[in-house]
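Hi,

Here is the structure I promised to pass on. Please have a look, and then read on for what I found in it.

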Amino acid sequence: MSRIGKNPIAIPAGVTVEVKDAVVTVKGKLGELTQEYSDVSIKIEDNNVIVERATDQKNERAKHGLYRSLINNMITGVAEGFTKQLELVGVGYRASNQGQKLDLALGFSHNIVLEVVPEVSVETISEKGKNPIVKLTSFDKQLLGQVAAKIRAFRKPEPYKGKGVKFVGEEVRRKAGKSA
């Protein structure tokens, strides 16, 4: 039995969950998310969402925990939201934003201008003596991770000096330089 899949998901106040035609819809104060599902059954019993599978086939076992996690992330997202912070480590690395346009100076000959999707809100924090931080907030965990990964991919942290775009709290594995 799946340890993750068998746990019920509590529905907090202010969040509504609807199951109809193999689609789960979750509405909350921050937004609305939908997710299609297959090979499992989803029931709502006394303010809990329960994901069950019919048999022990490999495909159904795999999807049991998957859909439970996806629905849990949807409920958490519309109730509280998710935040990711990216740190720009390097001399002259800067970040600024005008609305949903993120302007990054990452040591290339030109600035990178990224138009961020409206579901993800962008905030840049630049303090003197500290590395610039790009703060991304959204109710959709998958979309938030995708946008953060795209920003990180512009200049991944390199192992010798540690320069690049990294997540706050991420440990970059460092290598020793040339030995004379």
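Let me begin with an open sheet of three strands, in the order β2-β3-β4 with antiparallel pairing (two strands pair if DSSP finds at least two bridges between them; strands are DSSP runs of E, at least two residues, and helices runs of H or I, at least four, numbered from the N terminus). β2 (16-20) and β4 (32-36) each have a single partner strand and stand at the edges, so one side of each is left without a neighbour in the sheet. From one strand to the next, the twist averages 15 degrees (axes are lines fitted to C-alpha atoms, for helices over the stretch in contact, and angles run from 0 to 180 degrees between N-to-C directions). Helix α1 (residues 58-79) packs on the sheet and touches β2, β3 and β4 (contact means heavy atoms within 4.5 Å).

A word on the source: this is a predicted model, where local features need pLDDT of at least 70 and side-chain atom pairs count only at pLDDT 80 or more, while totals for chains, interfaces and linings use all residues. Residues are numbered from 1 along each chain as its sequence is written, and side-chain values use heavy atoms, leaving out hydrogens and water.

Now to α2 (residues 141-153), which has 13 residues. Its L143, L144, V147, A148, I151 and R152 are buried (under 20% relative accessible area, 1.4 Å probe, protein chains only). What covers these buried residues includes β7 (82-89) and β12 (133-138).

Best wishes

Key. Expected span 1.5 Å × (residues − 1). Buried < 20%, exposed > 50% of the residue type's maximum accessible area, 1.4 Å probe, protein only.
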